[in-house]
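Please keep the sequence and the model in view while reading.

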Amino acid sequence: MRRLLGVVLFSALTPVLADTPPLEELKLLSEHPVAGMESGNLSGLAWCGDALWAVSDRDDDRLYRLDSSARIWQAEAERFVAPPAPVMPLPWGLRMRAWVSGLVRGGHLDFEGIACDAKGNRYLVSESHAAVLQVPPAADAQWLALPEGMVRQARASGMLLHFNSQFEGIAVDPAGERLWLAAEKERRGLVVVHHRRATWRCEGGCVLLSEGGQEASPDALGGAPAPVDFSGLAFHEEKLFTLERQAHRICRRTPASGDAERCWSFAADALTDERRYPVSYGVAEALSVDAEGAWIGLDNGGHARADGESRPVVWRFAAPAGGWGATR
């Protein structure tokens, strides 16, 4: 509790600064429209085994393996049956709004991210239930028994208080022993749980980071202030990587604290005229990081960008000069 109080007080007194030095720009290597995602709305990416996998926040019963043998990728569905979701300590009003939203748009479970461990288990984070579904490669899907204290601590720190601002990203270490979740906005933050003796638990507190505030958007968008957010999360070589869509950047963070170590921008290639979407669409929602680069997936909500492309799109960016571990 003392650690949690410290996180809250520190983050409340530490605004996110708008004036930061220019970031190194990542180089776009390729882009791939994705066909075959029946409901669209690509919301998560993860490299599992020998392929990249995706999830949609409109589908409660399938994952997608992405066939990358051609420039236009084909999504191949793998179906599963999710048991009833656990009831986490979220207010009745938030749960009802999520339920009504699922009726209107589809996707009651609202899967917003996917991660994989070395055994091939897939982990899907449900924004509407603040819960994680594990989909093994050869067994039935099951919900992880996450500690209720995780949600209570997150809410006490200012996260998970608003509709459609819940957990948006997920990462897991290869051993499947540490699992991180990213809260989206109003306040954004990071929580971690540890798998010990067949149970998931908070060790010294679940909340790593909680922060609010605004920062300047990229110059191509006019530089107007925008709320800070997290829209994706990845784990690579003992580091966390956050996708920050409003700022159009990827940041490397310390897994034990959530502190940002270095960030890279992808705004230059993402915001060219032909890649522009109507306001509020075409946002970067999904992230997977490896030694050679990063995959970023876009949720376009079915809307076409300026060049007419209306399918979900995945971008491949090269790793920065010196690799993801570079300090300068």
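Is E31 buried or exposed? E31 is buried, with a relative accessible area of 17%, where buried means under 20% relative accessible area, exposed over 50% and partly exposed in between (1.4 Å probe, protein chains only). This is a predicted model, in which local features need pLDDT of at least 70 and side-chain atom pairs count only at pLDDT 80 or more, while totals for chains, interfaces and linings use all residues. Residues are numbered from 1 along each chain as its sequence is written, and side-chain values use heavy atoms, with hydrogens and water left out.

**Salt bridges**

- The whole structure contains 29 salt bridges, each being a side-chain nitrogen of Lys or Arg within 4 Å of a carboxyl oxygen of Asp or Glu.
- E31 forms one of them with R305, and their closest N and O atoms are 2.6 Å apart. This pair links distant parts of the chain, 274 residues apart: E31 belongs to strand β1 (residues 28-35), and R305 to the loop between β22 (293-299) and β23 (313-318). Helices (H or I, at least four residues) and strands (E, at least two) are DSSP runs, numbered from the N terminus.
- R305 is also buried, at a relative accessible area of 7%.
- R178 forms a salt bridge with E238, with 3.1 Å between the closest N and O atoms. R178 lies in strand β11 (residues 178-183) and E238 in the loop between β17 and β18 (239-244), 60 residues apart. E238 counts as partly exposed, at 46% relative accessibility.
- R245 forms a salt bridge with E184, the closest N and O atoms being 2.0 Å apart. The two are separated by 61 residues, with R245 in the loop between β18 and β19 (249-253) and E184 in the loop between β11 and β12 (188-196). Both R245 and E184 are buried.
- A network of salt bridges links R188, E211, E215, E244, R249 and R253.

**Cavities**

- There are 2 cavities of 30 Å³ or more. On a 1 Å grid over the protein atoms alone, a cavity is a set of points where a 1.4 Å probe fits but cannot get out, and lining residues have an atom within 4 Å of a point. Grid points are joined across faces, edges and corners, and a volume is the space filled by probe spheres set on the points.
- The largest cavity holds about 140 Å³ of space. Its lining consists of 13 residues, with A98, E127, S128, F163 and N164 nearest its centre.
- The second largest cavity holds about 50 Å³ of space. Among its 15 lining residues, G44, G113, G232, L233 and L287 are the closest to its centre. Two or more lining residues come from each of β2 (42-48), β6 (111-116), β10 (167-172), β17 (232-236) and β21 (283-290).

**Annotated region and helix α3**

- The unreviewed UniProt entry lists residues 40-187 as "domain: Phytase-like"; such annotations may be inferred rather than shown by experiment, and positions are given in the numbering used here, with feature names shortened.
- Residues 40-187 are 16% helix and 38% strand, and the end C-alpha atoms of this stretch are 27 Å apart.
- In helix α3 (residues 148-156), the buried residues are M150, V151, Q153 and A154. Seen down the axis of α3, these buried residues fall within an arc of 165°, so they line one face of the helix; the arc is that of the directions from the helix axis to the C-beta atoms.
- G158, which follows α3, has a positive phi near 105°.

Conventions
1 Å grid on protein atoms, 1.4 Å probe; cavity = no way out; pocket = protein on both sides within 12 Å on 5 of 7 lines; lining within 4 Å.
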